[in-house]
Amino acid sequence: MKNRSLALKIWLVIAGVTLGISLLFMALVPWTLRNFFTHQMYDIIRESQELLLGKGQIIEIDDLIKWEQRKQQYQSVQHFVFLDNGQILSGYPTAAIQQNMEDILKDAFQQTKPEQQYWRQLSDERMYYIIQKGEYAGRSAYLLSYMWESYQNDLVSTLFQKLFWIIAALLVLSWLLAFWLARYLSRPLITMEEQVRRIASRDWFEPLVFDQNDEIGRLGQSIERMRSQLVKQDEIQQSFLQHISHELKTPVMVIRSYAQAIADGIFPRGGLEGSIQVIDEEASRLEKRIRDLLYLNKVDYLSIHQQEHNDDINLGELIENVVNLLRWQRPELEWCMDLDEHRIKGNYEQWKVAIENLLDNQIRYAENTVGIQLSQNIRRNENTITIRIWNDGPLIEEEMMDKLFQEYQIGKSGQFGLGLAIIQQVVVRHGGTITANNQEKGVTFYIELPEKIR
């Protein structure tokens, strides 16, 4: 069953429910109809007696003659009148009734009400009857009016057959509608399955359009957002690959050309020492590019496979150590630092790489000054640690501001497009946020860490 199509499953469920309800209905109908027609039979018997008796008393023999005429209006109801000694005054009881006349007389004698209804199994058929007490010529007389169960069975059978064909027609109609409904409900899912199959084959350029807002429509909209994001990511990666191919190819080309020149006894940079220095710088540049790629992949892996990061980190000390390592790149820069001692729980290696990338970015763009401030704030009764880092370099292009921390994004003067993406991955992984704002002079980065990670 689990391998059947969704349309078939929906149809089978609806068909099964409707069939089950119909079978239960058909099983209960005869029992319900029998009770109903039993009451109806007693009402018919009672009406026929009222027609015969008038005011309800057996009085003159002439009335018995009139009864023979009146009772023709209720041919399904049979009557006979008998005295307290069992003598039949009017009517012709059947042989089965005569065989049970003694029990019927007991019912009549024990009857305390003027009228009472009974039923009795005679041979293989049930008789429903009402005994009406009266008088005839000064003696107790009784009018017994009865109907056989066959009348009830005929009514039940006729009505049951009609109901059966009506329910059968309704079942066929409901199953056809259920089949249409199942196909209608499953059609969007089939369309989405085909779209996801194409996306899995990297054929994701055809949009998925749904104009419904129910659960299926929202699923389709989610798939469309995923498709759009994949298209966007693919375009970014293609652009990045073109850029990274140049970034990696250039240092490799320089290293090879310098190595071949040295092997031929030629020193392009004035001498052996200068030429080797160029090779070393390009190798360092190539190493940094590869390291960033590998580390970004590592952070992505850790973000998916949650791992513990419970190192006790002194943020002020960590930032100061990184500054001491990097300040030699541009010794002329002025460093303005206000580092209070704040500790957090986290992954020390990841925070070290994030701070290195962020400060390397500041050093690259700063003109004269780099500033770092570490402080604690209380916002909405929550303690937060804020790392504020700024430089007095050029402003960030407006079109880059919204996608500054995305992978493979490279500004007009950018170099690689991975450093800020790594920073954001680390910050987000530790429950924080990072933002960047253009100031009147320079750019400021803010990292906020909530109290919960401390």
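Which backbone oxygen lies 2.7 Å from a polar atom of the side chain of Ser 22? The oxygen belongs to Thr 18. Before going further, keep in mind that this is a predicted model, where local features need pLDDT of at least 70, side-chain atom pairs count only at pLDDT 80 or more, and totals for chains, interfaces and linings use all residues. Residues are numbered from 1 along each chain as its sequence is written, and side-chain values use heavy atoms, with hydrogens and water left out.

Back to Ser 22, then. This serine sits in helix 1, residues 6–53 (helices are DSSP runs of H or I with at least four residues, strands are E runs of at least two, and both are numbered from the N terminus). Ser 22 has 12% relative accessibility, so it counts as buried (under 20% relative accessible area, with exposed over 50% and partly exposed in between, using a 1.4 Å probe and protein chains only). Setting aside residues up to four places away in sequence, Ser 22 touches Ile 167 and Leu 171 (contact means heavy atoms within 4.5 Å).

Pro 93 is another one to look up. You'll find Pro 93 in the loop between strand 2 (88–90) and helix 3 (95–99), and it counts as buried because its relative accessibility is 10%. Beyond its neighbours within four places in sequence, Pro 93 contacts Phe 80, Ile 88, Gln 98 and Tyr 146. Its C-alpha atom is 9.7 Å from that of Leu 144, 51 residues apart along the chain.

Next, a pair of helices. Helix 8 (residues 315–326) packs with helix 9 (residues 348–365) at an angle of about 50°, and their axes are 10 Å apart. That angle makes helix 8 oblique to helix 9 (under 35 degrees is roughly parallel, over 145 roughly antiparallel, 65 to 115 roughly perpendicular, and the rest oblique). On the helix 8 side, the contact includes Leu 318, Ile 319 and Val 322, while helix 9 brings in residues including Trp 351, Lys 352 and Ile 355. By class, the contact has 11 nonpolar, no polar and 3 charged residues.

Two backbone details are worth a click. Arg 202, in the loop between helix 5 (149–200) and helix 6 (215–263), has a phi near 65°, a positive value in a residue other than glycine. Helix 11 itself (residues 419–429) is mostly covered, with 8 of its 11 residues buried, among them Leu 420, Gln 425 and Arg 429.

How values were computed: Axes fitted to C-alpha atoms, helices over the stretch in contact; angles between N-to-C directions. Nonpolar A, V, L, I, M, F, W, Y, C, P; charged D, E, K, R; others polar. Polar contact = N/O pair within 3.5 Å; in protein donor to acceptor, adjacent residues only side chain to side chain.
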